[in-house]
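The sequence and structure are shown first, and the description follows.

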Amino acid sequence: MAYKEIRYTASDKVACITLNRPDRLNAWTPRMSLEVRDALHTAAGDDDVCVIILTGAGRGFCAGADMRELSDVSDQGLADLNGTEDAEAAVAILSGIQTEAALDPANRYAARSDFRKRYSYLQSIPKPIIAAINGPAAGLGLIMTLYCDIRFASEKAKFTTAFARRGLIAEHGISWMLPRTVGMANALDLLFSARLIDAREALGMGLVNRVLPEATLMDQVMAYATDMATMVSPRSLGIMKKQVYDAQFQTLAEATELADQQLVRSLESEDFKEGVAHFLEKRAPKFTGR
C-alpha cells in the first residue's frame, strides 16, 4: 500500500509509524486507519523488526476522528452516509475498517476474537507497540494509545476522551480498556466529564508509563525500543504479550497452566539457549526469535 497519511520507517530492529496529517493535528480518517493497519501488519511480518513505535507528526499525536467526517454524519444522518442504512456499516466507513473478517480474514496471529476488533487488533500484533505521545491525544487518538502496550508522553501532551461533549458514547472498547488502565473511578471521571488532563495527571493515574521532555521524547523512546529490540528475546516478547492480554479472560489456574506449557517450549527454544550462553560468556545476545 502506498502511504499518504502516515510515514513508515524501519531500522535497527525498530519500526516507526508516524501519523502524518500535522495540519489537522493528525485527525483520524478512514484512509489513515487502513494505512496504520497495513503498516502494523508489515512490521509484524518483518523478521528484522522487533519493536514498533506509534507517534504523530508535528505538535499533536491525534486529535481524534476528523471533524469533517463527523460533520457529514451530523448533517446527513447515518441513513445518507455513503448510501447505507446500516449503523455498523456507517461506523465502519468512519473508522476505515469494513468488518472483523476484512480486518484479518486469516486470523494470522491466532488471536481470540476480542483482539480482532476495529482497533483492539493492535493487541494481537505479536510485537511490543510503544505509543510516543508527542502532543494532544483526544477521542479516538486516546483510544489508539490505550491499545498500544506502553505509553510514553511528552510533557506537552494532553488527553481527553471528548465523547460526552460530542453527544457520543464510550467508543471502540474504551469502556473495557480505560478502567483496566486507570481504575474505575478515574475512568468514569475521564469519560463523564470529558475534561482535558495534562501529562503529569495522566502519569499519576497510570494512563502513561513515563513523561519525558518534549525535546528528547523521540530520542528516549527510540533508545528504550532499541534496547528492548537488541537485548530481549523476540520470542519471549511475543509470547508474553499474548499471555498478558489473554489472561484478562482467564482464571489464575488457567493462566498458570498455559504458562507451564509455554515454559516447557521455551526451555527447548534457541532463544533460551542463547539467553544462557550470552550471560555466561558476558557478551551481547544474538537472539533469533526461535
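This is a predicted model: local features need pLDDT of at least 70, side-chain atom pairs count only at pLDDT 80 or more; totals for chains, interfaces and linings use all residues.

## Salt bridges, sheet, cores and surface

Aspartate 189 is partly exposed, because its relative accessible area is 25%, and buried means under 20% while exposed means over 50%. The side chain of aspartate 189 meets that of arginine 195 in a salt bridge, with N and O 2.8 Å apart. Arginine 195 is likewise partly exposed, with a relative accessible area of 25%. Arginine 195 also forms a salt bridge with glutamate 201, whose closest N and O atoms are 2.6 Å apart. Glutamate 201 counts as partly exposed too, at 31% relative accessibility.

Side chains of opposite charge can pair when their charged atoms come close. The count of salt bridges in this model comes to 12. Three of them are listed here.

| Salt bridge | N to O distance |
|---|---|
| Arginine 195 and aspartate 189 | 2.8 Å |
| Arginine 195 and glutamate 201 | 2.6 Å |
| Lysine 242 and aspartate 246 | 3.0 Å |

The pair formed by lysine 242 and aspartate 246 lies within helix 10 (residues 234-246), where the two residues are 4 residues apart, about one turn of the helix. Lysine 242 is partly exposed because its relative accessible area is 38%, whereas aspartate 246, at 13%, is buried.

Strand 7 (residues 158-160) pairs with strand 5 in the parallel sense over 2 bridges. These strands belong to an open sheet of 3 strands, ordered 5-7-8, in which the pairing is mixed. Strand 5 (137-138) and strand 8 (197-198) are the edge strands, each pairing on one side only.

Which residues have the most contacts inside the largest nonpolar core? They are Trp28, Leu40, Ile133, Phe159, Leu178 and Leu207, in a core of 50 residues. At least two residues of this core come from each of strand 2 (14-19), helix 1 (30-44), strand 3 (51-56), strand 4 (129-133), helix 5 (140-146), helix 6 (174-182), helix 7 (184-193) and helix 8 (199-204). Helix 1 supplies the largest share, 6 residues. There is also a second, separate core of 16 residues, which includes Ile53, Ile130, Ile150 and Leu237.

Leu263, Leu267, Phe272, Val276, Phe279 and Leu280 make a nonpolar surface patch of about 610 Å². The elements giving two or more residues to this patch are helix 11 (252-267) and helix 12 (270-280). Helix 12 gives the most, with 4 residues. Valine 276, one of the patch residues, is found in helix 12. Why does valine 276 count as partly exposed? The reason is its relative accessibility of 37%, since partly exposed residues fall between the buried limit of 20% and the exposed limit of 50%.

Terms used:
Residues are numbered from 1 along each chain as its sequence is written. Side-chain values use heavy atoms; hydrogens and water are left out. Patches are made of residues with over 30% relative accessible area and no salt bridge: like charges are joined within 9 Å, nonpolar side chains (Val, Leu, Ile, Met, Phe, Trp, Tyr) within 5 Å. Accessible areas come from the Shrake-Rupley method with a 1.4 Å probe; for residues, only the protein chains shown count as cover. A salt bridge is a side-chain nitrogen of Lys or Arg within 4 Å of a carboxyl oxygen of Asp or Glu. Buried means under 20% relative accessible area, exposed over 50%, partly exposed in between (1.4 Å probe, protein chains only). A nonpolar core is a set of buried Ala, Val, Leu, Ile, Met, Phe, Trp, Tyr and Cys residues joined through side-chain atoms within 4.5 Å. Two strands pair if DSSP finds at least two bridges between them.
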